[in-house]
Amino acid sequence: MTIRVLIADDQMMVREGFSVLLNAMPDIEVAGEAVNGREAVAKVRELAPDVVLMDIRMPELNGIEATREIVAADGAAKVLVLTTFDLDEYVYQALRAGASGFLLKDASARQLADGVRVVASGEALLAPSVTRRLITEFSKLSETPRMMPSAQAAYGDLTERETEVLVLIAQGLSNAEIAERLVVAESTIKTHVSRILVKLGLRDRTQAAVFAYEARLVTPG
């Protein structure tokens, strides 16, 4: 199945470069391009891509607000944020807004394609230590948990096992790794993850990890 990608970046060279790299992959095609956040939101409605490569700093509507609007529209598109350096608070805000992960603009062709595949599959691009470092760094800035009130209110509804799984998600473990750690079937962990996201009203594992850090379930290192 071909993964359809929308590239949103105000720099033509970046858009063209990523288009060439992604179109060279047998399972990925670039469905369209956008030069600013407002156009990105409109193109998502028009083209219904699987993944949006979203530059964080764009005119008219920045990547954070564009991500928020795309997620709020409750479509299937996953947002993968692009940035020039890793410890970027704008990227952190985009993760909180619902982005599924981020990539540096100097990522290799393989890293770019793999990132698109991971996000398209419904997983969060959370395994790389740099993403966890970003979350831990900026969650320290909050004296009190800042995650959306609905998630805070629902936190008490989590079972002890669901809380345990949430902590392990925040530590960057995959479903298979969590299953091995807790000595249960991977399908059981998938069920726990689904219930956690539903109860907390979160979009994916990335938001769950951000929530866990901001709620101080995991102590920033």
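Predicted model: local features only at pLDDT ≥ 70, side-chain atom pairs only at ≥ 80, totals over all residues.
1. The side chains of Glu 33 and Arg 15 meet in a salt bridge, with 3.1 Å from N to O. Because Glu 33 belongs to strand β2 (residues 28-34) and Arg 15 to helix α1 (residues 12-23), the pair ties together parts that are 18 residues apart in sequence.

2. How many salt bridges does the structure hold? The total is twelve. Among the residues concerned, Asp 27, Arg 110, Asp 114 and Arg 117 are linked in a network of salt bridges.

3. A further salt bridge joins Lys 43 to Glu 39, the closest N and O atoms being 3.4 Å apart. Both residues lie in helix α2 (residues 37-47), and their separation of four residues is about one turn of the helix. In an α-helix there are 3.6 residues a turn, so residues three or four places apart point the same way. Lys 43 has a relative accessible area of 18%; since buried means under 20%, Lys 43 counts as buried. Glu 39, with a relative accessible area of 26%, is partly exposed.

4. Two packed helices are described by the angle between their axes and the distance between the axes. For α2 and α3, the axes come within 9 Å and cross at roughly 20°. This angle makes α2 roughly parallel to α3, because angles under 35 degrees count as roughly parallel. The crossing of α2 and α3 is right-handed.

5. Which residue meets Glu 162 in a salt bridge? The partner is Lys 199, and the contact is 2.8 Å from N to O. This pair links distant parts of the chain, with Glu 162 in helix α8 and Lys 199 in helix α10 (residues 186-200), 37 residues apart. Glu 162 is buried, its relative accessible area being 2%. Lys 199, by contrast, counts as partly exposed, with a relative accessibility of 31%.

6. Helix α8 comprises residues 160-170 and is mostly covered, eight of its eleven residues being buried. Besides Glu 162, the buried residues of α8 are Thr 163, Val 165, Leu 166, Val 167, Leu 168, Ile 169 and Ala 170. After α8 comes Gly 172, whose phi is positive, near 90°.

7. Helix α10 has 15 residues and reaches 21 Å from its first C-alpha to its last, close to the 21 Å expected at 1.5 Å a residue. Where do the buried residues of α10 lie around the axis? The residues in question are Ile 189, His 192, Val 193, Ile 196, Leu 197 and Leu 200. They cover an arc of only 130° around the axis, which means that they are on the same side of α10. Helix α10 is followed by Gly 201, whose phi is positive, near 65°.

Notes
Residues numbered from 1 in each chain as written. Heavy atoms only, no water. Buried < 20%, exposed > 50% of the residue type's maximum accessible area, 1.4 Å probe, protein only. Helix = DSSP H or I, 4+ residues; strand = E, 2+ residues; numbered from the N terminus. Salt bridge = Lys/Arg side-chain N within 4 Å of Asp/Glu carboxyl O. Expected span 1.5 Å × (residues − 1). Arc of directions from axis to C-beta. Axes fitted to C-alpha atoms, helices over the stretch in contact; angles between N-to-C directions. Parallel < 35°, antiparallel > 145°, perpendicular 65-115°, else oblique. Left-handed = near helix turned anticlockwise from the far one by under 90°.
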